[in-house]
Amino acid sequence: MSPRRNRPRGGADRPRPGPETSSALETTATWRGEEWVLRQVSGHTATKRYRCPGCDQEIPPGVPHVVAWPVGEADDRRHWHRACWNARDNRSPRTQRPRDAPRY
(Lines give C-alpha, C1' and ligand atoms only; values in the text may rest on other atoms or scores of the structure.)
Protein backbone atom coordinates (compact mmCIF):
# COMPACT_ATOMS: atom_id res chain seq x y z
CA MET A 1 0.00 0.00 0.00
CA SER A 2 1.32 3.44 -0.93
CA PRO A 3 1.17 6.45 1.39
CA ARG A 4 -1.65 8.94 1.03
CA ARG A 5 -1.00 12.18 -0.88
CA ASN A 6 -1.84 15.22 1.21
CA ARG A 7 -1.44 17.63 -1.67
CA PRO A 8 -3.94 17.96 -4.54
CA ARG A 9 -2.63 16.81 -7.88
CA GLY A 10 -2.14 19.02 -10.84
CA GLY A 11 -1.93 22.61 -9.68
CA ALA A 12 -0.63 22.97 -6.18
CA ASP A 13 2.92 23.79 -7.29
CA ARG A 14 1.99 26.02 -10.23
CA PRO A 15 1.94 29.78 -9.55
CA ARG A 16 -1.41 31.45 -9.99
CA PRO A 17 -1.63 34.29 -12.49
CA GLY A 18 -1.42 37.70 -10.89
CA PRO A 19 -3.06 40.94 -12.00
CA GLU A 20 -0.23 41.68 -14.43
CA THR A 21 -0.50 38.22 -16.05
CA SER A 22 -4.22 37.74 -16.34
CA SER A 23 -5.48 34.60 -18.00
CA ALA A 24 -8.88 36.13 -18.73
CA LEU A 25 -10.18 36.58 -22.25
CA GLU A 26 -11.01 40.04 -23.47
CA THR A 27 -14.19 40.69 -25.41
CA THR A 28 -15.69 43.81 -26.92
CA ALA A 29 -19.13 45.33 -26.45
CA THR A 30 -20.90 48.42 -27.74
CA TRP A 31 -22.28 50.85 -25.15
CA ARG A 32 -23.57 54.36 -25.84
CA GLY A 33 -22.26 54.19 -29.39
CA GLU A 34 -18.71 53.37 -28.29
CA GLU A 35 -16.72 50.13 -28.45
CA TRP A 36 -15.58 48.85 -25.04
CA VAL A 37 -13.09 46.14 -24.13
CA LEU A 38 -14.30 43.84 -21.33
CA ARG A 39 -12.15 41.58 -19.19
CA GLN A 40 -13.69 39.15 -16.70
CA VAL A 41 -11.57 39.03 -13.52
CA SER A 42 -11.88 35.90 -11.39
CA GLY A 43 -11.89 36.02 -7.62
CA HIS A 44 -8.39 34.66 -7.08
CA THR A 45 -6.78 37.24 -9.38
CA ALA A 46 -8.62 40.18 -7.76
CA THR A 47 -6.13 41.32 -5.13
CA LYS A 48 -6.95 45.02 -4.62
CA ARG A 49 -9.95 47.12 -3.63
CA TYR A 50 -11.75 49.08 -6.33
CA ARG A 51 -14.72 51.42 -6.42
CA CYS A 52 -17.50 50.40 -8.84
CA PRO A 53 -18.69 53.35 -10.98
CA GLY A 54 -22.14 51.77 -11.31
CA CYS A 55 -23.14 51.62 -7.65
CA ASP A 56 -20.28 53.62 -6.10
CA GLN A 57 -19.57 50.78 -3.65
CA GLU A 58 -16.29 48.98 -2.98
CA ILE A 59 -15.28 45.80 -4.76
CA PRO A 60 -13.25 43.97 -2.08
CA PRO A 61 -10.32 41.66 -2.92
CA GLY A 62 -11.36 38.17 -3.94
CA VAL A 63 -14.64 39.19 -5.60
CA PRO A 64 -15.06 38.40 -9.31
CA HIS A 65 -15.79 41.51 -11.39
CA VAL A 66 -15.53 43.10 -14.85
CA VAL A 67 -12.87 45.53 -16.04
CA ALA A 68 -14.09 47.77 -18.88
CA TRP A 69 -12.48 50.53 -20.92
CA PRO A 70 -13.05 52.21 -24.29
CA VAL A 71 -11.08 50.65 -27.16
CA GLY A 72 -7.66 52.27 -27.40
CA GLU A 73 -7.86 53.93 -23.98
CA ALA A 74 -6.48 51.31 -21.59
CA ASP A 75 -5.55 54.03 -19.08
CA ASP A 76 -9.28 54.70 -18.59
CA ARG A 77 -10.03 51.24 -17.09
CA ARG A 78 -12.90 50.94 -14.63
CA HIS A 79 -13.69 47.98 -12.39
CA TRP A 80 -17.41 47.12 -12.21
CA HIS A 81 -19.44 44.56 -10.28
CA ARG A 82 -20.79 42.12 -12.86
CA ALA A 83 -24.38 42.94 -11.93
CA CYS A 84 -23.68 46.68 -12.18
CA TRP A 85 -22.14 46.29 -15.64
CA ASN A 86 -25.16 44.27 -16.80
CA ALA A 87 -27.57 46.90 -15.40
CA ARG A 88 -25.59 49.98 -16.47
CA ASP A 89 -28.38 51.28 -18.73
CA ASN A 90 -30.93 51.10 -15.89
CA ARG A 91 -28.96 53.37 -13.56
CA SER A 92 -29.15 57.13 -13.31
CA PRO A 93 -26.31 58.92 -15.10
CA ARG A 94 -24.87 60.43 -11.93
CA THR A 95 -24.69 58.44 -8.69
CA GLN A 96 -23.69 60.60 -5.74
CA ARG A 97 -21.88 59.45 -2.59
CA PRO A 98 -22.92 60.97 0.72
CA ARG A 99 -20.63 63.67 2.06
CA ASP A 100 -19.19 61.51 4.81
CA ALA A 101 -18.33 58.61 2.46
CA PRO A 102 -14.63 57.93 1.84
CA ARG A 103 -13.20 58.93 -1.53
CA TYR A 104 -11.23 56.24 -3.36
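The model is predicted: local features need pLDDT of at least 70 and side-chain atom pairs count only at pLDDT 80 or more, while totals for chains, interfaces and linings use all residues. Residues are numbered from 1 along each chain as its sequence is written, and side-chain values use heavy atoms, with hydrogens and water left out.

**Overall architecture**

- The protein chain has 1 helix and 6 strands, taken as DSSP runs numbered from the N terminus (helices: H or I, at least four residues; strands: E, at least two).
- In sequence order, these elements follow the pattern β-β-β-β-β-β-α.
- Of the 104 residues in the protein chain, 27% are buried (buried: under 20% relative accessible area; exposed: over 50%; partly exposed: in between; 1.4 Å probe, protein chains only).
- Among contacts (heavy atoms within 4.5 Å) between residues at least 6 apart in sequence, 46% join residues at least 24 apart.

- Most residues other than glycine have a negative phi.
- Arg32, which is not a glycine, has a positive phi of about 55°.
- Arg32 belongs to the loop between strand 1 (26-31) and strand 2 (34-41), and this residue is exposed, at 64% relative accessible area.
- Asp56, likewise not a glycine, has a positive phi of about 65°.
- The loop between strand 3 (50-51) and strand 4 (58-59) contains Asp56, which is buried at 12% relative accessibility.

**Salt bridges**

- The structure holds 3 salt bridges, each defined as a side-chain nitrogen of Lys or Arg within 4 Å of a carboxyl oxygen of Asp or Glu.
- Side chains of opposite charge can pair when their charged atoms come close.
- Glu26 and Arg39 form one of these salt bridges, with the closest N and O atoms 2.2 Å apart.
- Because Glu26 lies in strand 1 and Arg39 in strand 2, this pair ties together parts that are 13 residues apart in sequence.
- Glu26 is partly exposed, with a relative accessible area of 45%.
- Arg49 is joined to Glu58 by a salt bridge whose closest N and O atoms are 2.9 Å apart; Arg49 is exposed at 53%, whereas Glu58 is partly exposed at 25%.
- Arg78 and Asp76 meet through their side chains in a salt bridge of 3.2 Å, N to O.
- In this pair, Arg78 is partly exposed at 40% relative accessibility, and Asp76 is partly exposed at 31%.

- The structure holds 0 disulfides, a disulfide being a pair of cysteine sulfur atoms within 2.5 Å.
- The cysteine sulfur closest to that of Cys52 is in Cys84, at 3.7 Å, and is therefore too far for a bond.
- Cys84 is in no disulfide, and its nearest cysteine sulfur, that of Cys55, is 3.7 Å away.
- Cys52 is buried, with a relative accessible area of 0%, and Cys84 is also buried, at 5% relative accessibility.
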